[in-house]
Amino acid sequence: MRINNLTATQVKALKYKGKGNFTAHSVDSTCKLYLLCYESGAKIFKFRKRNSTYITIDDYDYITLAEARQKAAELYRQEFKGELDTGNIQISVKELFLK
């Protein structure tokens with residue numbers, strides 16, 4: 001498995017690629033952090049769960065990359081321990097890429 005660990009500069013440059021409602025970019029594969037970029041220009045940090053659904057962390061404009069990584073790492077630990085609250089599930093990967 002290739003480890004993907006982008007810098008703040010690389011994350012800032014990520015954009016919507018013109019397919020579907022948004023484009024999902026893997027930001028940090030060690031804690032399953034993704035950045036979803038929308039056609040409107042909005043960017044949202046999300047954590048990808050084992051069952052291929054996402055939990056929203058925060059808007060790119062309101063949180064630093066370091067803070068997003070920290071929150072994703074905490075969600076990763078909770079998921080590993082079986083303590084993750086699933087009430088915040090947003091959208092499945094299948095739904096994400098088939099729209």
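Begin with the aromatic pairs, of which a search of the whole structure finds 3; rings of Phe, Tyr and Trp (its six-membered ring) pair if their centres lie within 6.5 Å, with planes under 30 degrees apart counted as stacked, over 60 as edge-to-face and the rest as tilted. This is a predicted model, in which local features need pLDDT of at least 70 and side-chain atom pairs count only at pLDDT 80 or more, while totals for chains, interfaces and linings use all residues. Residues are numbered from 1 along each chain as its sequence is written, and side-chain values use heavy atoms, with hydrogens and water left out.

Select phenylalanine 22 and tyrosine 38, whose ring centres are 4.8 Å apart with planes at 55°, so the pair is tilted. Phenylalanine 22 belongs to strand 1 (residues 22–28) and tyrosine 38 to strand 2 (residues 33–38), so the pair ties together parts 16 residues apart in sequence; helices (H or I, at least four residues) and strands (E, at least two) are DSSP runs, numbered from the N terminus. Phenylalanine 22 is buried at 11% relative accessibility, whereas tyrosine 38 is partly exposed at 24%, where buried means under 20% relative accessible area, exposed over 50% and partly exposed in between (1.4 Å probe, protein chains only).

Next, select tyrosine 34 and tyrosine 54, an edge-to-face pair with 5.6 Å from centre to centre and 85° between the planes. Tyrosine 34 lies in strand 2 and tyrosine 54 in strand 4 (residues 53–59), so this pair joins parts that are 20 residues apart in sequence. Tyrosine 34 is buried, with a relative accessible area of 16%, and tyrosine 54 is buried too, at 1%.

Then turn to the salt bridges, of which the structure holds 3; each is a side-chain nitrogen of Lys or Arg within 4 Å of a carboxyl oxygen of Asp or Glu. Select aspartate 28 and arginine 69, where the closest N and O atoms are 2.6 Å apart. Aspartate 28 sits in strand 1 and arginine 69 in helix 2 (residues 65–81), so the bridge ties together parts 41 residues apart in sequence, and both residues are buried.

Move along helix 2 to glutamate 79, which lies in that helix, while lysine 32 lies in the loop between strand 1 and strand 2, so the pair ties together parts 47 residues apart in sequence.
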